[in-house]
Every structure is written in structure tokens, then in C-alpha cells.
Amino acid sequence: MKKIILVGGGITSCITAFLLLNEQVEIEIHEQTAGLGGVLRDFEFENDKFFRGVQYLDVNNIWYKKIEKVFSNELDIFEHTYGCHVNCEGEETYTRNYAVPTFKNIDLNELPDLKKNNFKSSLDRISIYGEKEKSFFLRLMERHNLKADKLNFNSPGALQISRIASLENESEILNLKNKNSTLDKYFAVKRKKLFKEKLLASLPKHGFNEFFLKLQDYLENNGVQIFLKSKIEPEWIGNKLNIIKNGKMINNDYVVWTGNPTKLINKFNGEKLESEYIKMLQISANMISDIPENTYLQIFSDETNITRIYLYKLNGVSKISIEAIFHDVNPNEIMDTAELLLKRFGLNLKINKNNFFKKIDPRFNIVSLKDEKIIENFLLATEKTNLVKSPWLFYGRDQKIAYLYNEIKKFLF
């Protein structure tokens, strides 16, 4: 029986292990922290808990449908609702139809030939828009201490600025997208213009930490060995990647390294990743008012560092999580601004400001051009080793899981 070692205990590894349960393989998961879940783990504060960021599960994914059969009592399915506010140079828009930057109107007269492009950087990506939108996004990135010409093409996705929409140009955009499907990467129209069915999402009823505990029990009961607080070291000998724990080598046939690859690559060829990241501030609190539904509002503004407001229920309690570009500011000021923004969306809700949770949250979901090249070369150089290609350059959880599972199947079958 072949043995697969999964390094990293985030959702990618956990779902991959779940999908492999019916295969004739031996599976180990090694996670350096005290619990599974990775970036999905809840923030816990004074016997209370809050979601970390906005992390919905897509109910239409094949892996979710399989998970739901086992954990249906643990998952809550609801209509996926969202909204967006843009304040660009004093011009404001508010909409509940989009979760991407939505302007009153945009210039579509000078689009580049997207079928014959050589786009590489984030600057290339945002430069296809008009000067107003491009300048707006550059200002946003500068506030994150990011340089668009140094980041790869997919990095704007981490800032929710990979596509834009327009209130006044929607019909024109739809016509252009019908003629050229490539434009779908850059422009959005109302979902109801394209789909009749409602968009559904899912969340664990009692939080991700509780969900991953139950998933851990299920995996272990089905033969998966899980090692927490497991610090391992990679060791390359020829075309073989060995895993070292406490000075001892762990036998393996294949290694899936879903965590940060910095150490793995450095041990292979001595190269060091820049590991660019954005530093977010999350203010979370319980609500005095009962929220009508789970929803999130994307904020793109010259006037505030708030980037997202997330309303949700956890264990039956109405909660809010406010994300902002990290800066030294009074949390009550952030909550006051969030309440004003909620009112502009027709949500007259009050936050319990007497007891809130504040957390600085670094997020490593952007990639520099230098790191992209290093990772691409590393993946090419290790093709004939026992290391399964990991989707470090992918943005989006579901893409990562699907890609990784297909790569593992190439080794096994």
C-alpha cells in the first residue's frame, strides 16, 4: 500500500485526505499547530468565537457534496448575499448586486486586445481599465504597502479587485462578454443576468474549529493518522524528498506539501522566497441588533481603511467582523464608521462596542513576480520526484483542492 504524507493541516489537506479515503493508500497529516483548519480556524476570545475573515463554502463543489453527506447536521446552507460600496474621488456607489468594485460608469472604448496579451504583473492586469479605475486601485495597493509592478497577475484577487462592474454600463459589458469570453476575467454583470437559480453557500453551525474537530475524528476513525504540533523538516537526497521529524525519517511514497513552501524550496536549491503579505486588522463583536441574514459588504474607499464588513450568526448569536487595512486607529472609530456604512445599505444595526475582539491578521495570499518564477522553476525541477505538485500559485480554495486531487491521482493511477 502506498503511503502519502500531507504536510499542513489546512482545509486543502483535510479535504484531500477525505477524498482519498476510498483509495488503497496510507495517509498521514502533519500539522505544526495544535489544531486542524489553517486559515479557517476561528478567532476565540473570552469564551466567545468569531469567524476569521469571510470564508463561505461553495455547496456546488463535488467535494462539498461528499462532505455534506457525512456532516449534514453540522452545516448550515443559506442564500449567499453580498454588497459593495465604492468611494472613488468623492463619487460614491452602493449596491447589493455585486461583491466587486462597482463604479457609476467606466470607459470601455480603449480595451487592449486581451486575446494577444503578454500580461504578467498586477499592474498589467489593472491597466486594462480606464485611468480613473487604475489610479484608484493603485492607491488602494499603496495603502497596503504593495507595488503593483512587483506582484504577479493573480494577486489582485486577494484584494478583491480582479474584476469590476458598472451601474450604467452593464448592458454594454454583457454584450462585450458575449462576444469575447476572456472579458469575464475582468468585468462582472449581475448574477441574475446569467443564472436563474439562487446562489447558495454554507458555514459550520458551531464554527470551523468545532467542524474540524469532527472532521479529524472522522478521518482518524477511517484510518488517517493525524499528528498535531508536528514540526517536520524536508531533506532532499537526489530525486527523493524525505520528511524528518524529531531527527527520524518518516517513510513515504509521496509527499503533498500544502503549507508554505519557503523551507521546502530553500532546502532544495537555496533560494529564498520574498513571501509578500498584507497586514489586516479585524475587529469583531457581537451585535445588539439581530441581523436579518448572513452577508458581507465589500468596501473600496478613499475615505476609510475598512475593506469588508461581515454579518453572520454563530451558535445563534448575531456577530460582525470588520476588516481594515492595518493602521493605528481607535477600534471604536472603525465600528462607528461600519455602522454608518451599514445604514447606507439600509441596515440600521447596532454593534456592542463595550466588548470587542481586535486581531492583526497577516495574510499570505499574494505572490511577487520573483516568487512566482522561483516556484515555477521549483515545480519544474521536481517533476520526477516523489513531491506531488501543490497549487501554491492558485487563488481560490476550490481550485486548489481540485488541482491537488487530480495531481495525486496522476501518481496513484
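1. Let me begin with a single residue, bearing in mind that this is a predicted model. Thr307 sits in strand S19, which covers residues 306-314. Is Thr307 buried or exposed? Its relative accessible area is 16%, under the 20% cut-off, so Thr307 counts as buried.

2. The surroundings of Thr307 are worth a look as well. Setting aside neighbours within four places in sequence, Thr307 is in contact with Met280, with Leu297, Gln298 and Ile299, and with Glu323, Ala324 and Ile325.

3. Next, please turn to helix H4, residues 131-143. Its 13 residues reach 18 Å from the first C-alpha to the last, close to the 18 Å expected at 1.5 Å a residue. The buried residues of H4 are Glu133, Phe136, Phe137, Leu140 and Met141. Viewed down the axis of H4, these fall within an arc of 135°, so they line one face of the helix. An α-helix has 3.6 residues a turn, so residues three or four places apart point the same way.

4. What do the buried residues of H4 pack against? Their partners are helix H3 (122-126) and the strands S7 (81-88), S9 (102-103), S18 (295-301) and S20 (317-325). On the face turned away from the buried side, H4 carries the exposed residues Glu131 and Glu142.

5. Trp63, Tyr64, Ile67 and Phe71 are its buried residues. Seen down the axis of H2, they fall within an arc of 95° and therefore line one face of the helix. Ile62 and Lys69 are exposed, on the face of H2 turned away from its buried side.

6. The buried residues of H2 pack against helices H1, H6 and H10 (397-412), as well as strands S5 (57-58), S6 (75-79) and S11 (200-204).

7. Finally, two of those partners of H2, H1 and H6, also pack against each other. Helix H1 (residues 11-19) and helix H6 (residues 208-221) meet at an angle of about 35°, with their axes 11 Å apart, and the crossing is left-handed. From H1 come Ile11, Cys14, Ala17 and Phe18, which meet Phe212, Leu215, Tyr218 and Leu219 of H6. By class, this contact has eight nonpolar residues, with no polar and no charged ones.

Technical notes: Residues numbered from 1 in each chain as written. Predicted model: local features only at pLDDT ≥ 70, side-chain atom pairs only at ≥ 80, totals over all residues. Heavy atoms only, no water. Helix = DSSP H or I, 4+ residues; strand = E, 2+ residues; numbered from the N terminus. Expected span 1.5 Å × (residues − 1). Buried < 20%, exposed > 50% of the residue type's maximum accessible area, 1.4 Å probe, protein only. Arc of directions from axis to C-beta. Contact = heavy atoms within 4.5 Å. Axes fitted to C-alpha atoms, helices over the stretch in contact; angles between N-to-C directions. Left-handed = near helix turned anticlockwise from the far one by under 90°. Nonpolar A, V, L, I, M, F, W, Y, C, P; charged D, E, K, R; others polar.
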